[in-house]
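Open the model in your viewer and keep the selection tool at hand. The stops below say what to select next and what is there.

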Amino acid sequence: MADKDKRSTGGKLPPGVKTKLKAPMATLPPGAKSGGDGAPSGLTRSDFVSDQDVRWCPGCGDYAVLATVQRLMPELGIPREKIVFISGIGCSSRFPYYMNAYGMHSIHGRAPTIATGLKATRPDLDIWVVTGDGDSLSIGGNHIIHLMRRNVNLQVLLFNNQIYGLTKGQYSPTSEVGKITKSTPFGSIDHPFNPTALVLGAEASFVGRTMDRDPKHMKEMFRMAHDHAGTGFVEIYQNCNIFNDAAFFVYTEKATKKERTIFIEHGKPLVYAGETKGLRLEGFHLESVDLDTGSWSVADCVVYDETSIELASIMARVFWHEELPQPFGVFYRERRETYEEQLQQQIESVIDRDGKGTLEDLLHAGDTWTIA
Amino acid sequence: MTKNIESLSEATVLFAGDSGDGMQLAGTQFTLATAYAMNDLATLPDFPAEIRAPAGTTYGISGFQLRFGSTDIRTPGDEVDLLVAMNPAALKVNLSRVRIGGTILVNGNAFDKRSLDLAGLESNPLEDGSLDRYRLISVELTRLTRETLVDSGLKQKDIDRSKNMFALGMSLWMYSRPLDPALDWISNKFAKNEQIRDANLKLLRKGFHFGETTEQFAVRYEISPAKMQPGTYRAIQGIHALAMGLVAAGERSGLTIFYASYPITPASDLLHALSRYKNYGVMTMQTEDEIAAIGAAIGAGFGGNIGITGTSGPGLALKTEAAGLALITELPVVIVNVMRGGPSTGLPTKTEQSDLLQAMFGRSGDSPLPVLAASTPGDCFETAYEACRIAVNYMTPVILLVDGYLANGSEPWMIPDVDSLKPFDVRFAEAADDEETFLPYSRDDKTLARRWAKPGTPGLEHRIGGLEKENETGNISYEGDNHELMTHLRAEKVERVLAEIPPLDVFGDKSGDVLVIGWGSTRGAIEAAVAQARSAGNKVGSVHLRFLNPLTSEIAEIAGRFKQLLVPELNNGQLVRILRDRFLLPFVPFNKIQGRPFRASEIVGAIEEMIV
Ligand code: SF4
């Protein structure tokens with residue numbers, strides 16, 4: 001029965017979840033000014049720079065992500081004291097130390113758990129989980145999937161560099177088969193994870209991908225993830241120039257970026273390579289077509305719909321494909337009640353039903369007797 | 001017919017049957033009736049490892065033992081006066097616990113060839129003379145139940161499953177317990193299903209009247225109310241007292257109680273209890289694993305709440321790394337460990353005290369934290385409250401040890417006066433004008449607690465984490481001298497908790513031949529043993545420790561007044577190692593590792609052996 005319900009709503013809602021919410025989408029904590037384009041907080045980028053020296057290797061892609069987040073923060077209009085960065089372990093997990101906000105650099109893979117406990121009890125906070133491919137897909141794999149299905153309202157920035165950097169160069173769960181690293185001198189035999197497909201399978205409500213070399217796109221992705229009420233997951237292709245240099249250059253560098261990537265946007269046709277190419281659906285398969293030979297036009301290309309789990313599933317599976325461009329942008333977005341909203345609502349409904357209990361009530365509940 | 005009425009000062013009853021026979025229910029209802037009769041009592045539920053083992057086998061036997069009396073009752077009883085055995089396997093498993101001359105009440109219909117085979121019995125004990133030394137009452141429970149419910153409209157299977165009510169009715173009659181509590185309970189429980197409700201009510205009454213009328217029961221027992229301290233009482237199970245202690249901590253501190261847990265036997269009952277308390281301001285979360293549970297508790301603690309997680313032995317092992325994080329970030333987190341037999345999966349449904357060393361030392365690095373243990377079902381309330389208070393006042397994770405026996409056991413409990421509970425000292429940091437930069441690791445002079453600045457406080461933005469901190473600033477520091485200083489500060493902070501420990505109460509003789517030192521659920525057995533040994537003319541005393549870390553040096557002072565030191569534990573010797581290490585005195589271990597609590601007589605034996 002549950003399965004049937006699920007199919008009938010396009011797989012977007014778990015059974016029992018209301019599709020209409022009482023309140024408008026609560027993307028901002030109560031009391032915060034509405035964010036995004038409208039009302040800046042009066043703070044600037046430098047207000048979010050902490051007094052700690054940044055210790056990443058020179059040339060590391062992490063710098064660009066940090067700068068982008070620090071630039072975005074003032075635009076979101078959230079008071080600085082309401083912002084919390086929580087990370088696990090790894091190069092990228094040093095991130096909270098460099099942000100002048102509240103933060104916790106926790107233990108390997110567990111940032112989602114700490115963030116969940118914090119958000120559950122403090123829905124007023126704006127929480128960002130910073131993690132890497134080893135942190136969230138290996139040691140913390142269990143937590144990342146459960147975070148997605150619970151849909152806690154926070155953002156996850158997954159720095160994917162396809163390598164273990166902090167431990168000095170072992171292959172990671174996103175490394176390609178055959179990768180030669182310190183721990184795989186004869187090549188890795190592990191089949192890699194596809195992070196976007198993984199989280200989609202884990203019932204993520206917002207899935208995006210961006211790259212360290214495109215700050216403008218990154219910023220937009222982070223903003224959209226932030227404005228999403230629910231878990232906003234963004235995978236960032238991040239270059240580790242020390243242990244895995246150029247891993248994504250085919251997608252991020254000028255010479256090949258145009259031909260080998262596609263930036264997907266809701267409501268827009270899937271075109272790339274300066275609109276000389278597009279993607280059309282042939283059955284369940286995407287096919288790249290030339291738009292300047294006259295055989296195909298933009299009208300033949302798929303108009304992307306980020307609310308379609310089917311399209312998102314097809315798109316997420318375009319992964320290091322030889323003939324198709326690698327997609328970047330928002331793969332999927334759905335409004336589903338958040339974990340902390342439901343937790344709160346349940347408490348309120350029990351109080352409505354039974355009244356607020358006092359300790360005295362509790363202690364004296366049931367059968368008591370008195371000895372004089 | 002007229003019955004002989006005999007007065008007793010105490011009795012021990014054991015209900016035993018298949019796990020589907022409803023023995024826990026019968027035992028709980030008998031307990032409730034006994035509480036109504038104002039006897040003191042102690043219980044020992046004994047669960048099989050299998051949820052539903054094949055019916056009739058010995059490994060599927062579930063038991064509920066209860067001792068009650070007009071005197072001070074500290075243990076669930078060494079020997080059973082009445083065994084109610086629903087089948088041959090239940091009889092076989094529990095016969096050795098019945099006192100010679102005790103009463104055995106069996107379901108006579110259950111002793112057919114097949115059931116005897118299932119229990120691995122070659123001959124029928126009801127006929128082969130093996131029960132000659134006991135008073136055997138064989139009642140055709142299955143037949144009587146079926147006859148009683150012939151018109152009930154219930155299916156045969158449901159009818160047969162209700163025979164525990166008939167047995168309960170007979171037992172209540174036998175010990176002159178009131179029938180009303182069980183009648184009320186049934187009426188409430190099955191309010192929505194009249195058919196089941198009426199069937200159960202009918203059976204219960206029928207069982208009671210059967211006792212009255214049958215000639216098989218020649219005697220009826222009476223036990224007068226116990227003399228207890230004036231106050232309002234209720235019967236309480238350890239795990240519920242614990243849950244209420246946490247709620248009390250929330251109420252008195254003004255902080256939200258956030259409880260995160262992953263299902264594990266026997267700690268799951270705490271999650272069940274707390275998840276019903278939504279209207280008492282408790283938040284609960286069932287997480288994806290043990291690590292997530294403590295992670296979420298740490299997150300809640302960071303956010304200005306009391307983060308709590310609960311588990312049992314192997315789950316505590318999984319939480320180890322995160323406990324270290326709570327320790328170095330100095331956040332208030334309470335970790336409840338309802339201990340069971342170990343190592344590994346061990347004996348999930350059996351009790352043991354074998355996680356003390358894990359609680360004390362089971363983390364990487366030098367990582368002391370306060371460890372507390374509750375000693376009776378009712379004491380779980382105050383110890384849980386105290387664990388939360390110390391976690392908050394000292395900004396530290398605290399481990400609270402209870403065990404399966406305490407968690408599942410019940411006793412009459414004098415409801416505490418909430419106002420008499422010690423106050424919390426909740427001080428959230430606020431930005432001060434004269435403060436240039438906020439120092440998250442600056443400390444309170446007295447407790448050494450660091451400052452608690454919760455996210456959302458303007459001007460106090462700061463970062464904490466698992467890397468070593470620079471003293472005061474909390475910045476990352478790899479400097480050797482600083483690490484040594486921080487290690488000492490963290491240890492010293494735990495030692496400061498000594499200020500919270502009241503003077504130890506010596507039970508029995510204040511000086512003499514043997515001092516018994518215990519912790520956790522062994523309190524009842526130890527004190528009963530000390531009382532027995534003293535009435536035999538020995539000079540014996542005991543102390544019971546709630547605080548295992550820090551350890552009060554008063555132990556050494558008291559130990560100095562006795563010739564010998566005995567440390568009984570339900571493990572292979574854990575507290576004894578800590579005591580020897582700390583006080584360099586000849587503490588003698590006495591251990592039982594059978595998944596069951598001590599009998600008082602076992603400890604008496606150990607005491608006497610030392611004196612001779
Ligand atoms: S090791 Fe790689 S990921 Fe880590 S800081 Fe250096 S360049 Fe960046």
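## Chain B as a whole

Start by selecting chain B: its radius of gyration is 26 Å, which agrees with the value near 25 Å that a compact globule of 612 residues would have. Keep in mind that this is a predicted model. Along the principal axes, the C-alpha atoms of chain B fill a box of roughly 90 × 60 × 45 Å. Switch to a cartoon view, where chain B shows 20 helices and 23 strands. Of its 612 residues, 62% count as buried.

Select E360(A), D361(A), E251(B), D417(B) and D419(B) together. These residues gather in a patch of negative charge on the surface. To find one of them, go to helix α13 of chain A, residues 359-363, where E360(A) has its place. E360(A) counts as partly exposed because its relative accessibility is 38%, and the range for that class runs between 20% and 50%.

Next select R52(B), K155(B), K157(B) and R161(B), which form a positive surface patch. K157(B) is found in helix α5 of chain B, residues 156-161. Is K157(B) buried or exposed? K157(B) is exposed, because its relative accessible area is 61% and exposed means over 50%.

## Salt bridges

Side chains of opposite charge can pair when their charged atoms come close. Over all chains, the count comes to 47 salt bridges. A few of them follow.

Select K268(A) and E265(A). These two form a salt bridge, and their closest N and O atoms are 3.1 Å apart. K268(A) is partly exposed at 42% relative accessibility, and E265(A) is partly exposed at 45%.

Move to chain B and select R534(B) with D509(B). Their side chains meet in a salt bridge, 3.1 Å from N to O. This pair links distant parts of the chain, 25 residues apart: R534(B) is in helix α17 (residues 523-535) of chain B, and D509(B) is in the loop between β18 (507-508) and β19 (512-519) of chain B. Colour the two by accessibility. R534(B) counts as partly exposed, at 37% relative accessibility, whereas D509(B) is buried, with a relative accessible area of 13%.

Now select D513(B) and K563(B). D513(B) lies in strand β19 of chain B and K563(B) in strand β22 (residues 562-569) of chain B, so the pair ties together parts that are 50 residues apart in sequence. D513(B) counts as partly exposed at 21% relative accessibility, while K563(B) is exposed with a relative accessible area of 68%.

Go back to chain A for a network: select E75(A), K219(A), E220(A) and R223(A). Salt bridges that share partners join these residues into one network.

## Backbone details in chain B

Most residues other than glycine have a negative phi, and most peptide bonds are trans. The next stops are exceptions to look at one by one.

Select G342(B) and P343(B) and show the backbone. The peptide bond from G342(B) to P343(B) is cis, with omega near 0°. P343(B) sits in the loop between β13 (333-339) and α13 (356-361) of chain B.

Then select N549(B) and P550(B). Their peptide bond is also cis, and omega is near -5°. Look for P550(B) in the loop between β21 (547-549) and α18 (554-559) of chain B.

For the torsion angle phi, select M395(B). Its phi is near 50°, a positive value in a residue other than glycine. M395(B) is in the loop between α14 (379-394) and β15 (397-403) of chain B. Show the surface of the protein chains and find out where M395(B) stands: it counts as buried, because its relative accessibility is 2% and buried means under 20%.

The last stop is L448(B). Here phi is near 65°, a positive value in a residue other than glycine. The loop that holds L448(B) runs between β16 (410-414) and β17 (463-465) of chain B. L448(B) counts as buried, at 10% relative accessibility.

Terms used. Residues are numbered from 1 along each chain as its sequence is written. Chains are lettered from A and ligands numbered from 1 in the order in which they are written. This is a predicted model: local features need pLDDT of at least 70, side-chain atom pairs count only at pLDDT 80 or more; totals for chains, interfaces and linings use all residues. Side-chain values use heavy atoms; hydrogens and water are left out. Patches are made of residues with over 30% relative accessible area and no salt bridge: like charges are joined within 9 Å, nonpolar side chains (Val, Leu, Ile, Met, Phe, Trp, Tyr) within 5 Å. Accessible areas come from the Shrake-Rupley method with a 1.4 Å probe; for residues, only the protein chains shown count as cover. A salt bridge is a side-chain nitrogen of Lys or Arg within 4 Å of a carboxyl oxygen of Asp or Glu. Lys and Arg count as positive and Asp and Glu as negative; His and the chain ends are not counted. The place of a charge is taken as NZ of Lys, CZ of Arg, CG of Asp or CD of Glu. Helices (H or I, at least four residues) and strands (E, at least two) are DSSP runs, numbered from the N terminus. Buried means under 20% relative accessible area, exposed over 50%, partly exposed in between (1.4 Å probe, protein chains only). The radius of gyration is taken over C-alpha atoms; the globule rule is 2.2 Å times the number of residues to the power 0.38.
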